[in-house]
Amino acid sequence: MTLIRPEEVTIRLLREEDLPALEWDGEYKRYRRIYREVYRNSQMGLSIPLVAETPRDGIIGQVFLNQKEPNPKFTARSRYYFLSSFRVRPQFRKMGIGARLLESCERQALLHRLQDIYLNCAVSNHRARWFYLDHGFQVIRIDDSDWSFVDDEGFVITEHQHAYLMKKTVVNSK
Ligand SMILES: CC(C)(COP(=O)(O)OP(=O)(O)OC[C@H]1O[C@@H](n2cnc3c(N)ncnc32)[C@H](O)[C@@H]1OP(=O)(O)O)[C@@H](O)C(=O)NCCC(=O)NCCS
C-alpha cells in the first residue's frame with residue numbers, strides 16, 4: 001500500500017492532457033468519449049471535472065459535477081449539479097482523498113450557487129452508499145433505468161442501472 005500525506009494531494013480542474021489518465025491503464029477506456037465531452041462541457045462552464053493529483057503518482061482520483069436543468073423526475077425545482085465518475089485508484093483509498101474531492105465539489109457548488117448535488121449510487125455498492133450517507137447525502141428513491149453511451153470504438157453500449165438517487169443540499173457553514 002502507498003501511503004500519502006494529505007498535503008501531498010492537490011485537487012484541481014481537469015486539463016485536456018489529463019484525459020488519458022482517467023482511463024486507468026485501459027480499465028475505463030470505454031468511457032473515453034464521455035470524458036472528452038465532460039472536458040468540453042467544462043470549457044463551456046457546464047461541468048466541473050476535478051482530479052486529485054500527487055507529484056509522484058499523477059492523477060489518482062476524479063469526480064465530475066455536471067450542471068443540469070430542473071428535472072421534475074428528481075423533484076428538483078432549480079438547477080443543480082449531478083455528481084458522476086467519482087473514483088479513487090484502489091491503492092490510494094481510505095486516506096481521505098474521496099472526502100477531499102467531495103469537499104471540493106461542495107465548495108464549487110457554493111461558489112456557483114447551485115447548492116443541490118444529486119448522484120446515483122448502485123444499490124449493490126454498499127460501501128459507497130455508507131460513504132455518501134456519512135457525508136450528509138440522503139436517499140431520495142431507487143431508480144431502475146437503462147443508460148446508453150458510445151464507447152471508444154464507436155459502439156453504443158447500454159447499461160442497466162439499479163441505483164439509489166441521493167441528494168445533498170450544501171450550506172455555507174461560515
Ligand atoms: C467511494 C470512493 C471514491 C471513496 O474514496 P476514498 O478516497 O477511499 O474516501 P475516504 O478515504 O475519504 O473515505 C473512505 C473511508 O476511509 C476512511 N478513512 C479516511 N481517511 C482514513 C485514514 N487516514 N485511515 C483510515 N481510514 C480512513 C473513511 O472514514 C471512510 O470510511 P468508510 O468507508 O467506513 O466510510 C472510493 O472508495 C472508490 O473509488 N470506490 C470505487 C468507485 C466507487 O464506488 N465510486 C462511487 C460510485 S457511486
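## Basis

The model is predicted, and local features are given only where pLDDT is at least 70, side-chain atom pairs only at pLDDT 80 or more, while totals for chains, interfaces and linings use all residues. Residue numbers start from 1 along each chain as its sequence is written.

Helices (H or I, at least four residues) and strands (E, at least two) are DSSP runs, numbered from the N terminus. A residue is called buried if 20 or more other C-beta atoms lie within 10 Å of its own, exposed if 12 or fewer, and partly exposed in between, with C-beta atoms placed from the backbone. Contact between two residues requires their C-beta atoms, placed from the backbone, to lie within 7 Å.

## Ligand shell

The ligand is surrounded by 17 residues, and R87, R93, K94, G98 and A99 are the closest. A residue is near a molecule if its C-beta atom, placed from the backbone, lies within 6 Å of it. Two or more shell residues come from each of β4 (80-88), α2 (97-111) and α3 (126-134). Helix α3 gives the largest share, five residues.

By class, the shell holds nine nonpolar, three polar and five charged residues. Here Ala, Val, Leu, Ile, Met, Phe, Trp, Tyr, Cys and Pro count as nonpolar, Asp, Glu, Lys and Arg as charged, and the others, Gly among them, as polar.

## Positive phi angles

K94, one of the residues closest to the ligand, sits in the loop between β4 and α2. K94 is not a glycine, yet has a positive phi of about 65°. K94 counts as exposed because it has 9 C-beta neighbours inside 10 Å.

S85 belongs to strand β4 and also has a positive phi, of about 50°, although it is not a glycine. S85 is partly exposed because 15 other C-beta atoms lie within 10 Å.

## Nonpolar core

The largest nonpolar core contains 32 residues, and L83, L101, C105 and I117 have the most contacts inside it. Such a core is a set of buried Ala, Val, Leu, Ile, Met, Phe, Trp, Tyr and Cys residues joined through C-beta atoms within 7 Å. At least two of its residues come from each of α1, β2, β3, β4, α2, β5 (116-122) and β7 (156-169). In soluble globular proteins, nonpolar side chains tend to be buried together.

Neighbours within four places in sequence aside, L101 is in contact with I11, L50, A52, G61, V63 and F86.

## Helix α1

Helix α1 covers residues 32-43, and its 12 residues should span 16 Å at 1.5 Å a residue; the end C-alpha atoms are 17 Å apart, which agrees. The expected span is 1.5 Å times one less than the number of residues. Y35, V38 and S42 are buried in α1. Viewed down the axis, the buried residues of α1 fall within an arc of 60°, so they line one face of the helix; the arc is that of the directions from the helix axis to the C-beta atoms. R40 and Q43 are exposed on the other side. The cover over the buried residues includes β1 (10-13), β2 (47-54) and β3 (58-68).

Y35 has 23 C-beta neighbours inside 10 Å and therefore counts as buried. Leaving out neighbours within four places in sequence, Y35 is in contact with L19 and L22.

## Helix α2

The 15 residues of α2 should span 21 Å, and its end C-alpha atoms are 21 Å apart, which agrees. Its buried residues are I97, G98, L101, L102, C105, E106 and A109. They pack against β1, β2, β3, β4, β5 and α3.

I97 counts as buried because it has 20 C-beta neighbours inside 10 Å. Residues up to four places away not counted, I97 touches V9, A52, I60, G61, V88 and F92. I97 and E53 are 44 residues apart in sequence, and their C-alpha atoms are 9.8 Å apart.

## G58 in strand β3

G58 lies in strand β3 and is exposed, with 11 other C-beta atoms within 10 Å. G58 touches A21 and E53, residues up to four places away in sequence not counted. G58 and D18 are 40 residues apart in sequence and 9.1 Å apart in space, C-alpha to C-alpha.
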